[in-house]
Amino acid sequence: MTEMRAVQYDAYGPPEVLRVGRVPVPKMKLGHVLVKVAASSVNAADVLVRSGKLRLLSGSAFPRGVGFDFAGSVVEVDASEQRLYAGDQVWGFLNGLKQIPSGAAAEYVLAPASAVACRPSTIDAVSAAALSGAAGAALGVLTKGVDLQQGERVLVRGAGGGVGTAAVQIARAMGGRVTALIGANHVSAIRDLGAEAAYDYRTTDPRSLGKFDVILDPVAQNIRDYRRLLAPDGRMVVMTLGGVGEAAYWLASAVFGKQRVRFVQSPPDHDLLAALTPLVDKRMVVPVVAGVHSMENASTAHLALKSRGVFGKHVIQVTSHQ
């Protein structure tokens, strides 16, 4: 076990730059676990980094890998780690943008033990990979970011994506009254997941939606129009930087005026993933998988994420290990 297969690319560009290469299996480090990966899902951050839009942060070293979240089985554990053991079925998350030479879309991943936890026993690895990053982040934002309280009205923009489908379910599980904005084709499906109300984001005038205690925004477009929907003590969180104009607006709103907009990211860690597990085992949060792709078809998964109307997560299946 000296080499492994990994999805890589040699230059920033379109999905077609992705290929499967061979790289050394990561060597154990203090405080880390080595995981044999079964599946890794595709996130918006994967697309942004691969396209070069974040090159000032991700750097210019190549070849590099893709994939942040993963599910698989523990192969080796640093001796200082007391919560995980070889053979454990786990899910986890890689934080940071410099995945050189490989990321989570590889046969093995070396991850900090603080970002890995035993996964729910009621779902397989593909489903776990679809949930770990998106649902872990949504749980972190709804708890630590906005401190959602029972009975509060919650608006979830971009409700058809991985974060959106998870946020709708988690907010409902926490007692929130959820309104979702989503493509027309998926209005019924998001209601089935727990949205009290759901509307087509293309045709709905935000002014018709009423006031909200919490607005969760993984879209970061037209922020001004949605900030106006906040109740007097409302909290709005954007989870992506958006364009220059949008970023400047939420930065200013975080300093001046009431109903401030905050930029919050909550990378899943062991504690968040452990807290998410009982919600999944009780089926209060279910995975939404839009498609499953082989490593060789990673470019297809990236291309699918860019298309409008995606509902749920696209997952790269690395091995048949469950």
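## Helix packing and a strand residue in a predicted model

Leaving aside neighbours within four places in sequence, Arg22 is in contact with Glu3, Met4, Arg5 and Gln8. The structure described here is a predicted model. Arg22 belongs to strand S2, which covers residues 19-24. One of its contacts, Arg5, is 17 residues away along the chain, and the C-alpha atoms of Arg22 and Arg5 are separated by 4.7 Å. The relative accessible area of Arg22 is 52%, and this residue is therefore classed as exposed, the cut-off being over 50%.

| Helix pair | Axis separation | Crossing angle |
|---|---|---|
| H3 (residues 125-145) and H4 (residues 162-173) | within 8 Å | roughly 50° |
| H3 and H8 | within 9 Å | roughly 100° |
| H1 (residues 44-51) and H9 (residues 298-306) | 10 Å | about 105° |

For H3 and H4, the axes come within 8 Å and cross at roughly 50°. This angle makes H3 oblique to H4. The crossing of the two helices is right-handed. On the H3 side, the contact is formed by Ala134, Ala135, Ala138, Leu139 and Leu142, while H4 contributes Gly162, Val163, Ala166, Ala167, Ile170 and Ala171. Of the residues in this contact, 10 are nonpolar and 1 is polar, with no charged residue.

Helix H4 is mostly covered, with 9 of its 12 residues buried. The buried residues are Gly162, Gly164, Thr165, Ala166, Ala167, Val168, Gln169, Ile170 and Ala171. The end C-alpha atoms of H4 are 17 Å apart, which agrees with the 16 Å that its 12 residues should span at 1.5 Å a residue. After H4 comes Gly175, which has a positive phi, near 95°.

Helix H3 also packs against H8, with axes that come within 9 Å and cross at roughly 100°. H3 is therefore roughly perpendicular to H8. From H3, the contact involves Leu131, Ser132, Ala135, Gly136, Leu139, Gly140 and Lys144; from H8, it involves Leu272, Leu273, Ala275, Leu276 and Val280. These residues divide into 8 nonpolar, 3 polar and 1 charged.

Helix H8 comprises 12 residues, 270-281, and extends 17 Å from its first C-alpha to its last, close to the 16 Å expected at 1.5 Å a residue. Its buried residues are His270, Leu272, Leu273, Leu276, Thr277, Leu279 and Val280. The cover over the buried residues of H8 includes helices H3 and H4 as well as strand S6 (89-93) and strand S8 (116-118).

The remaining pair is H1 and H9, which pack at an angle of about 105° with their axes 10 Å apart. These two helices are therefore roughly perpendicular to each other. H1 supplies Ala44, Asp46, Val47 and Arg50 to the contact, and H9 supplies His302, Leu305 and Lys306. The residues of the contact between H1 and H9 comprise 3 nonpolar, 1 polar and 3 charged.

Methods
Residues are numbered from 1 along each chain as its sequence is written. This is a predicted model: local features need pLDDT of at least 70, side-chain atom pairs count only at pLDDT 80 or more; totals for chains, interfaces and linings use all residues. Side-chain values use heavy atoms; hydrogens and water are left out. Axes are lines fitted to C-alpha atoms, for helices over the stretch in contact, and angles run from 0 to 180 degrees between N-to-C directions. Helices (H or I, at least four residues) and strands (E, at least two) are DSSP runs, numbered from the N terminus. Angles under 35 degrees count as roughly parallel, over 145 as roughly antiparallel, 65 to 115 as roughly perpendicular and the rest as oblique. A crossing is left-handed if the near helix is turned anticlockwise from the far one by less than a right angle, and right-handed if clockwise. Contact means heavy atoms within 4.5 Å. Ala, Val, Leu, Ile, Met, Phe, Trp, Tyr, Cys and Pro count as nonpolar, Asp, Glu, Lys and Arg as charged, and the others, Gly among them, as polar. The expected span of a helix is 1.5 Å times one less than its number of residues. Buried means under 20% relative accessible area, exposed over 50%, partly exposed in between (1.4 Å probe, protein chains only).
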